[in-house]
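Morning, everyone. Today I'd like to talk about salt bridges. Please have a look at the model on the screen.

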Amino acid sequence: MDLIDIGANLTHDSFRQDLDDVLARASAHGVGRMIVTGASSDGSKHALELARASHGRLFATAGVHPHHAIDYNDATDALLRKLAREPEVRAVGETGLDYNRNYSPRDVQRDVFERQLEIAVEVGKPLFLHQRDAHHDFLAILKRYRDRVPAAVVHCFTDTEEALRDYLDLDCHIGITGWICDERRGGHLRELVKLIPADRLMLETDAPYLLPRTIRPMPKDRRNEPMYLAHIRDEVAKDRGESREALTEASTRTAERFFDL
Ligand SMILES: [Zn+2]
C-alpha cells in the first residue's frame with residue numbers, strides 16, 4: 001500500500017522547474033497521493049489547478065495561512081468560499097494561529113481564522129489547521145466550531161503533551177512531519193506519537209520545508225520533497241513500536257477517510 005502525504009506545498013516556487021520529477025520520485029518511494037496545501041489566495045488557486053491536472057494523484061486544500069492573515073479581505077473570503085466547493089478541494093485551510101512569527105497581528109489572525117472556520121461549516125468539509133505558540137487561543141476558537149465541521153487535523157503538530165491531549169479530546173486528527181527527526185526541538189514528539197490512536201494519525205512532509213534532519217545523504221539544496229515521507233514513516237513506526245507496513249496501512253486508511261479519497 002502507498003503512503004499519502006497530507007501536507008505538501010507543491011505550489012512553492014522551488015518545485016516549479018521539476019515537479020514531474022518530484023512526483024516520479026515520490027512514486028518510486030511509495031508515496032502515491034498527496035494533498036497540496038493552499039496557504040494563500042494564489043496558492044489555493046494553484047493547488048486546485050495542480051489537483052485538476054493530476055488524474056487523481058493530487059488533491060488540494062483552500063485557505064490562508066495565519067502569516068498572510070493581514071492580506072485577507074472580502075474578495076479573499078469569496079474566493080475561498082468558491083474554491084472550497086470544488087470537488088478536488090478536500091479541506092479548508094491551511095488556517096489557524098501562529099504566535100511564533102507574528103507576521104500578522106494576533107487579533108487579525110484570530111478574525112481570519114474564524115472567517116475560514118465559517119467557510120468550513122458552510123461547505124461541510126474538514127479543516128487543515130496550523131497552530132504554533134498559540135495553543136490556548138487556538139483551542140478556545142476551535143472549540144466553538146468543532147461540532148459543526150466533519151473533521152479537523154492539526155497539521156505539523158509540534159506542541160506539548162497537554163496540547164496533544166486537548167486536540168484528541170476535541171476529536172481532532174494529528175499530522176506528524178519530519179519535525180520528529182529534529183533532535184534539537186522535536187525529540188519530545190518521539191514519546192508523544194505513542195499517544196495518538198492509529199485512526200487519528202496522519203503523516204506529512206510539509207515539503208519544501210522541514211527536511212528531516214536524519215536524512216542521509218542530505219540533499220545539497222536542503223529541499224524537502226514528498227519522497228521523504230517514507231523516511232518519516234520509518235521513524236514514526238520505530239517510535240511507536242509498529243512495523244512500517246502497519247503504520248503505512250493505518251495512516252493511509254486514516255487519510256482516505258479524513259479527506260474522502
Ligand atoms: Zn503549517
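Arg115 is partly exposed, with a relative accessible area of 24%. This is a predicted model, by the way. Which residue does Arg115 pair with in a salt bridge? The partner is Asp74, and the closest N and O atoms are 2.8 Å apart. Now look at where the two sit. Asp74 is in helix H3, residues 74-84, and Arg115 is in helix H4, residues 106-123. Is Asp74 buried or exposed? Asp74 counts as exposed, because its relative accessibility is 58% and the cut-off for exposed is over 50%.

Next pair. Arg85 and Glu122 also meet in a salt bridge, at 3.0 Å from N to O. Arg85 lies in the loop between H3 and strand E4, while Glu122 belongs to helix H4. They are 37 residues apart, so again distant parts of the chain are linked. Glu122 has 40% relative accessibility and counts as partly exposed.

Now put these together. Asp74, Asp77, Arg81, Arg85, Arg115 and Glu122 are linked in a network of salt bridges.

One more pair, elsewhere. Arg223 forms a salt bridge with Asp18, with 3.0 Å between the closest N and O atoms. Arg223 is buried, at 10% relative accessible area.

How many salt bridges does the structure hold? The count is 32.

Note on methods. Residues are numbered from 1 along each chain as its sequence is written. This is a predicted model: local features need pLDDT of at least 70, side-chain atom pairs count only at pLDDT 80 or more; totals for chains, interfaces and linings use all residues. Side-chain values use heavy atoms; hydrogens and water are left out. A salt bridge is a side-chain nitrogen of Lys or Arg within 4 Å of a carboxyl oxygen of Asp or Glu. Buried means under 20% relative accessible area, exposed over 50%, partly exposed in between (1.4 Å probe, protein chains only). Helices (H or I, at least four residues) and strands (E, at least two) are DSSP runs, numbered from the N terminus.
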